[in-house]
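Thanks for asking me to look at this one. Here are my notes, written as numbered points for you to follow with the model open.

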Amino acid sequence: MTEETRRTRQVEARPEDVQLTREEAEASWDAVDAYLADALVDEDAALAAARLSSSATTMPHAAVSAAQGAFLALLTRLTGARRVLEFGTLAGYSALWFARAVGPAGRVVSLELEEQNARVARENVARAQVSERVEVRVGSAAESAERLIAEDVPPFDLVFIDADKPSNPQYLDAALRLTRRGALIVIDNVVRSGAVLDSASDDLRVRGVRAVVDAVAAHPALEATALQTVGVKGWDGLLLALRR
């Protein structure tokens, strides 16, 4: 065993040597996120502009981070997805990541409640020159999804659920009716700084998350896991469910 290996194993064996306050830990999350995004994520001018334009939406700075956007794009490519359905558009930041990942022949349908947000998203999509791949539908996401079902659109390969959390179970139900076997369903914000642990919570967002976790767990055609995340978006997590 080399001296370097010995020192590494000693550090790994003594985690108590690295004790950070909550404030220090959160600052480290942000710094690590920034380092990894700078090193690995190719966020060009169009993506950066879309991320910054979230300040013009009804929920400023609520979009996924650059690293998370790149992760969603990798999932899209890894699954070979060509049709993506997104619940929640805001400034269209994640929609741009999806649009680039599905390629020129792909399609992204993004459902957004507010016309103000849809307008910002369409501007960002046009700036990125992917307007032909992205359709933003305005209105209640649940109602828009029902219209897609009524239109008998081709099945989607990947669904990203990142809209109002109390409606998560409805969105999951719609996603199951709009996807094919082998499709991937990704649900964002399932940890909520640990609030998901509170089974007695009166927060409708927490209830919506717990309800959709229960629904996924009980569904015989879904194989799922969830990952906690920390970084510039705080302490949260993603649920990933594969339709068998």
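How many nonpolar, polar and charged residues does the lining of the largest pocket have, by class?

1. The lining of the largest pocket has 11 nonpolar, 12 polar and 10 charged residues. In this count Ala, Val, Leu, Ile, Met, Phe, Trp, Tyr, Cys and Pro are nonpolar, Asp, Glu, Lys and Arg are charged, and the others, Gly among them, are polar.

2. A word on the basis of these notes. This is a predicted model, in which local features need pLDDT of at least 70 and side-chain atom pairs count only at pLDDT 80 or more, while totals for chains, interfaces and linings use all residues. Residues are numbered from 1 along each chain as its sequence is written, and side-chain values use heavy atoms, with hydrogens and water left out.

3. On confidence, pLDDT (the predictor's confidence in each residue, from 0 to 100) averages 93 over the protein, and 93% of the residues score at least 70. Please treat residues 3–14 separately: pLDDT stays under 50 there, and the model has two contacts for them beyond four places in sequence. Contact means heavy atoms within 4.5 Å.

4. Back to the largest pocket, whose volume is about 660 Å³. Its lining takes in 33 residues, and Met-59, Asp-162, Ala-163, Asp-164 and Lys-165 lie nearest its centre. Strand 2 (107–112), helix 7 (141–150), helix 8 (168–177) and strand 7 (236–243) are the elements that give two or more residues to this lining. Helices (H or I, at least four residues) and strands (E, at least two) are DSSP runs, numbered from the N terminus.

5. For the terms themselves: on a 1 Å grid over the protein atoms alone, a cavity is a set of points where a 1.4 Å probe fits but cannot get out, and a pocket is an open set with protein on both sides within 12 Å along at least five of seven lines; lining residues have an atom within 4 Å of a point. Grid points are joined across faces, edges and corners, and a volume is the space filled by probe spheres set on the points.

6. The second largest pocket holds about 390 Å³ of space. Of its 17 lining residues, Glu-43, Arg-51, Ser-65, Ala-66 and Val-232 lie nearest the centre. Helix 2 (22–40) gives the largest share, four residues, and by class the lining has nine nonpolar, three polar and five charged residues.

7. Which residues line the cavities? The search finds two cavities of 30 Å³ or more. The largest, with about 70 Å³ of space, is lined by Ala-63, Val-64, Glu-86, Gly-88, Thr-89, Leu-90, Ser-94, Phe-160 and Asp-162.

8. Arg-137 sits in strand 3 (residues 134–138) and is buried at a relative accessible area of 17%; buried means under 20%, exposed over 50%, partly exposed in between (1.4 Å probe, protein chains only). Among the residues that Arg-137 touches are Glu-112 and Glu-151. Asp-198, in the loop between strand 5 (179–188) and helix 9 (204–218), is partly exposed at 39%. Beyond four places in sequence, Asp-198 touches Val-206 and Arg-210; the C-alpha atoms of Asp-198 and Arg-210 are 9.1 Å apart.
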